[in-house]
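Hi everyone, thanks for making time for this.

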Amino acid sequence: MKLGEGVEAAIHCASMLAGVDGNSTMSGAAMAEAFGLSPSYLLKHLNQLTAARILESVPGPAGGYRLARPAERITLLDIVLAVEGKEPAFRCGEIRQRGPVKLDASAYVKPCGINTAMLKAERAYRAALAETKLSDIVANYAAEGDPRSIAASCAFVERHQRPQKSASSKQI
């Protein structure tokens, strides 16, 4: 199974956003810069994460993206499904029923054994992703990442996060 590059970008961006202060945001352009991605390419995946309510998009000149819910409530499965879709990776086309030796449909009442095995593997894969929270990824990086990488990532987030004014602090 091969997941699209967008899954990696989406997980990294969500992990980065887990490090912004309070209700601050970060622009898509800053995240694209951080990971050496095209802003237009990344925007597609940020929009998918926003549609899935993993991210929240804040409009305006100081707007950007932030997590829509705590990192403890976002799983890797949530992110993968937002980017790749909910359909299983393997889709049985019942090719066993094609070809020159076609049998009556009654010969195929039992499910295809290949489809059964592939869907079993898909369930295991999804269960493993559902067990892993975004907060686990962030905590593991903080505990085991190279200190230089952690410092550089934290400094990047600090430089590029955009504090948001709360509704109570706006002037009338």
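Let's begin with Glu 122 and Arg 126, whose side chains form a salt bridge with an N to O distance of 2.9 Å. This is a predicted model, so please keep that in mind throughout. Where do these two residues sit? Both belong to helix α5, four residues apart, which is about one turn of the helix. Is Glu 122 buried or exposed? Glu 122 is buried, because its relative accessible area is 7% and the cut-off for buried is under 20%.

How many salt bridges are there by this rule? The count is five. Let me show you two others. Arg 69 pairs with Asp 78 through their side chains, at 3.1 Å from N to O. Asp 78 is partly exposed, at 27% relative accessibility. Then there is Arg 148, which bridges to Asp 146 with the closest N and O atoms 2.8 Å apart. On the accessibility side, Arg 148 is exposed at 66%, while Asp 146 is partly exposed at 34%.

Now to the cysteines. How many disulfides does a search of the whole structure find? The search comes back with zero. Cys 112 itself is buried, at 10% relative accessibility. For Cys 154, the closest cysteine sulfur belongs to Cys 13 and is 16 Å away, again too far for a bond. Cys 154 is partly exposed, with 49% relative accessibility.

Next, please find helix α2, residues 28–35. Which of its residues are buried? They are Gly 28, Ala 30, Met 31 and Ala 32. The elements covering these buried residues include helices α1, α3 and α7, along with strands β1 and β3.

His 45 is part of α3, which spans residues 39–51. With 6% relative accessibility, His 45 counts as buried. What does His 45 touch, once we set aside residues up to four places away in sequence? The answer is Gly 6 and Val 83.

For something in a loop, go to Arg 91, between α4 and α5. Arg 91 is exposed, with a relative accessible area of 53%. A polar atom of the Arg 91 side chain lies 3.3 Å from the backbone oxygen of Pro 88. If you want a sense of scale, compare Arg 91 with Ala 34: they are 57 residues apart in sequence, and their C-alpha atoms are 35 Å apart in space.

Finally, a word on confidence. The protein has an average pLDDT of 92, and 95% of the residues score at least 70. Over residues 168–172, though, the pLDDT is below 50, and this stretch has one contact in the model beyond near neighbours in sequence. Where pLDDT is low, the predicted coordinates should not be read in detail. That's my tour, so I'm happy to take questions now.

Key. Residues are numbered from 1 along each chain as its sequence is written. This is a predicted model: local features need pLDDT of at least 70, side-chain atom pairs count only at pLDDT 80 or more; totals for chains, interfaces and linings use all residues. Side-chain values use heavy atoms; hydrogens and water are left out. A disulfide is a pair of cysteine sulfur atoms within 2.5 Å. Buried means under 20% relative accessible area, exposed over 50%, partly exposed in between (1.4 Å probe, protein chains only). Helices (H or I, at least four residues) and strands (E, at least two) are DSSP runs, numbered from the N terminus. Contact means heavy atoms within 4.5 Å. A polar contact is a pair of N or O atoms within 3.5 Å; within protein, one must be able to donate a hydrogen and the other to accept it, and residues adjacent in sequence count only if both atoms are side-chain atoms. pLDDT is the predictor's confidence in each residue, from 0 to 100. A salt bridge is a side-chain nitrogen of Lys or Arg within 4 Å of a carboxyl oxygen of Asp or Glu.
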